[in-house]
Amino acid sequence: MLGYTEGVHIEAIDLFHLSLPLRSPWRAGGGHLADREVLLVRLRSNLGEGWGECAAFAMPFYSTEYIGSARRTIEEFLAPRLVGAIGVDSASVPGMLAPITGHRMAKSALEMAVLDCELRAAGKSFADYLGATRDRVDAGVAIGIAGSVGDLCDAVAARVDEGYRRVKLKIERKRDVIPVTAVREQFPALALQVDANGAYTLDDLDHLSRLDSLGLLLIEQPLHEDDLLGHARAAERLATPICLDESLVSVRATETAVTIGACEVVNLKPGRVGGYLEAKRIHDWCLERSVPMWCGGMLETGLGRAANVALAALPGFTLPGDLSASERFYQHDIVTEPITLQDGTIAVPTGPGMGVDMDIEAIERFRLP
Ligand code: NPG
């Protein structure tokens, strides 16, 4: 409980399904997205409102969840367990939703809305609640597969000019060693890492070892999300540290992956692990064992982005995350103050709750019927 006895009496949960225009098409799931559909949760209670964001996309290409499944699961199974409940505190939300298996991103959005509501009512920032030790975090940026090596280097140059302190390059078969080598040659001192999103197999390890001479921070998720033993073998074969993303769905999964040597660096995404409370538990586990960590991104709006910045301000986050300015992806954000970069860093929100105000007019403008 956050310093008051009554807790949150949840009166209503409303879903807002938006379609936000992207500044440039974003390559995903074999296609290019011109818009990012977003699902927001608004909780109304005796203590006021709280907002949460679901990380899922319109299609299930990152994981099995997608906006349609999240909407349905929240409406049919998750919200009924919360609406009408009294004396709720955010710590009890995972247990209240536990009887429903999986649907971690959907659950994360609801838990986030309860957290936001509690913290706003208590006048406490999310960063303070988490125990953040920084007031700014380094901004890192992800760059998708480009049409040519020249285009990729131009995109990297543009992001470096904007001040980003770390660049992550998407790679896949036949679009890996040559483009990444070209970027490294043009930017010899740049903090650089690659993300394979599970595009390779163990047969590719000799090929991927050609990246070892490029001084990369890490190679993210080279193999399929369920191939932990394969990642342990890849860690033995490759000099570049192995980072996992899709595989790390909980603190237990993280503990297993790190313990068997399948994961040397942790990409932590709150939606993927079921919420910020589980994310904090993973952070604490990694901090205790000095496992390097960074905060991943799911093209969140300014709401989720603000919450991720607060999380990334915890001491265990030792590497720059996928924490970019709102304008990196969106022409319009749905918070009144978009997230911006100053000298390659982002200010940790200090206001109550997630520390951003929702732009209701924009939300209604981009809301799907
Ligand atoms: O900066 O918010 C961001 C996006 C970073 O590219 C990014 N994330 O694999 O981590 C990833 C990748 C991603 C996001 C993949 C959404 C799939 C969906």
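These legends accompany close-up views of a predicted model. Local features are described where pLDDT is at least 70, side-chain atom pairs count only at pLDDT 80 or more, and totals for chains, interfaces and linings use all residues. Residues are numbered from 1 along each chain as its sequence is written, and side-chain values use heavy atoms, with hydrogens and water left out.

**View 1. Gln193 in strand S7.** Let us start with Gln193, which sits in strand S7 (residues 191-195). Strands here are DSSP runs of E with at least two residues, helices are runs of H or I with at least four, and both are numbered from the N terminus. Gln193 is buried, at a relative accessible area of 0%; buried means under 20%, exposed over 50%, and partly exposed in between, using a 1.4 Å probe and protein chains only. Its side chain makes a polar contact of 3.1 Å with that of Arg166. Such a contact is a pair of N or O atoms within 3.5 Å; within protein, one must be able to donate a hydrogen and the other to accept it, and residues adjacent in sequence count only if both atoms are side-chain atoms. Beyond four places in sequence, the residues in contact with Gln193 (heavy atoms within 4.5 Å) include Val167, Leu217, Glu220 and Trp294.

View 2. The side chain of Lys269 places an N or O atom 2.8 Å from a ligand oxygen. From the backbone, an N or O atom of Gly297 is 3.0 Å from a ligand nitrogen, while one of Leu299 is 2.8 Å from a ligand oxygen. On its own the ligand has 440 Å² of accessible area, and the protein covers 98% of that; areas come from the Shrake-Rupley method with a 1.4 Å probe.

View 3. Most residues other than glycine have a negative phi. Asn197 is partly exposed, at 35% relative accessible area.

**View 4. His103 between two helices.** Our last stop is the loop between helix H2 (93-97) and helix H3 (104-122), where His103 lies. The phi of His103 is positive too, near 55°. With 28% relative accessibility, His103 is partly exposed.
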